[in-house]
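Colleague: Could you take me through one part of this model closely, and say how far its confidence values let us read it?

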Amino acid sequence: MKHRIVVLGAGYTGAAAAGRLARRLHRDEVAVTLVNADPDFVERVRLHQLAVGQDLRPRPLEKMFADTGVELTTAKVTGVDADRRVVTVADATGAVRELEYDTLVYALGSGWNDQGVPGAVEHACEIASRAGALRLRERLAGLADGQPVLVVGGGLTGLEAAAEIAETRPDLAVALATHGGLGDDLSEKGRGHLRKVLGGLGVTVHEHTAVTAVGADRVTTAGGEAIPAAVTVWATGFAAHPLARASALETTGTGQIVVDATMRSVSHPEVYAVGDAALAMGPGEKPLRMSCASGVPTAWQAADAIAARLTGGKLPRIPIRYFNQCASLGRREGLIQYVTADDRATGAALTGRLAAVYKELVCRGAAWGVANPTLGLPVRRRHVLREAARAGSATGAPA
């Protein structure tokens, strides 16, 4: 009887985990099922480009996982019963069915976070999803010369969105509102370059500005100021998918699944959580931030841990750390801020055209890794599942 591994979500982390598992384990002994609501892989780190009218390369999951042994299920995950070890999914026709698993990899990621601000859901556009980016694309295309666009959020997503919109549509009045100072977490060199680029693109920056309400044509700040916005782009961080919190899995107040160093749920050992869905600790016992930079290494960690536990191999003990923060500032400028292992800015930063090329290579590399999920790993081993693991397959628990 094959050990059934179900991976929920085919973003960067879920796709990476599924591909790595397919390479680490043999298909005669393990069945890997990848569940995703969309038939295509979405390059989330490029959604600000999609929003301004650039067309992204289609990446069908069926083609990406052809001949890997990974079975694709195009359906929306509607429930996780961690006690019964069952996942409920609904396909495009609305048909509902249950998938049983012995090991579950939860990689449903995150969506935009409206922070509970009144009017944000009704009036703001988000770019944390393909649907959101396409909606913003339509809204921007309908704007006339001189109309105001406000990006709320001074993190990497907000910075990229503001720069991309301003570069693509110099006829619009683009502004950025940030709760703190512009580039507070960057080095002096990084902050200086950021101000220079945004200034050159004509972006008006509202620093130390908390948006407390969003309307159809303006936002209101904590200071009572009204900032005009024919379109408001909301980029104030991410929120974990709500499904985990509704399950029996132990989660945090943010809805993230609590895991150990191998990405294994502390409440349900047959469940692993990766990427934005997991509360994983990094260097200095600081939680890893929601990002592709954190997500892919956690996927590798989980896949290697699952393979090790099923085959009696050595558990991975490589700590997850950071090296840099990457931001594209339009198509011709970029910023690579080098950081410590625990994600604090150092004095070093790469800027300008070279940084833009660097960021493009990072994006391409991430997509290539997903599109070639089983390359670059040791050949899978045949007939190596431990007897305990085989017995666990019948009860739904990995050894």
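Modeller: The mean pLDDT of the protein, that is, the predictor's confidence in each residue from 0 to 100, is 92, and 93% of its residues reach 70 or more. Residues 387-399 have pLDDT below 50, although this stretch has 31 contacts in the model beyond near neighbours in sequence, a contact being heavy atoms within 4.5 Å. Where pLDDT is low, the predicted coordinates should not be read in detail. This is a predicted model, in which local features need pLDDT of at least 70 and side-chain atom pairs count only at pLDDT 80 or more, while totals for chains, interfaces and linings use all residues. Residues are numbered from 1 along each chain as its sequence is written, and side-chain values use heavy atoms, with hydrogens and water left out.

The part to look at is S187, which is found in the loop between β11 (173-177) and α7 (188-200); helices (H or I, at least four residues) and strands (E, at least two) are DSSP runs, numbered from the N terminus. S187 counts as buried because its relative accessibility is 7%, where buried means under 20% relative accessible area, exposed over 50% and partly exposed in between, with a 1.4 Å probe and protein chains only. A polar atom of the S187 side chain lies 3.1 Å from the backbone nitrogen of G190. Once its neighbours within four places in sequence are left aside, S187 is in contact with Q337, A345, T346, G347 and A349.

Methods: Polar contact = N/O pair within 3.5 Å; in protein donor to acceptor, adjacent residues only side chain to side chain.
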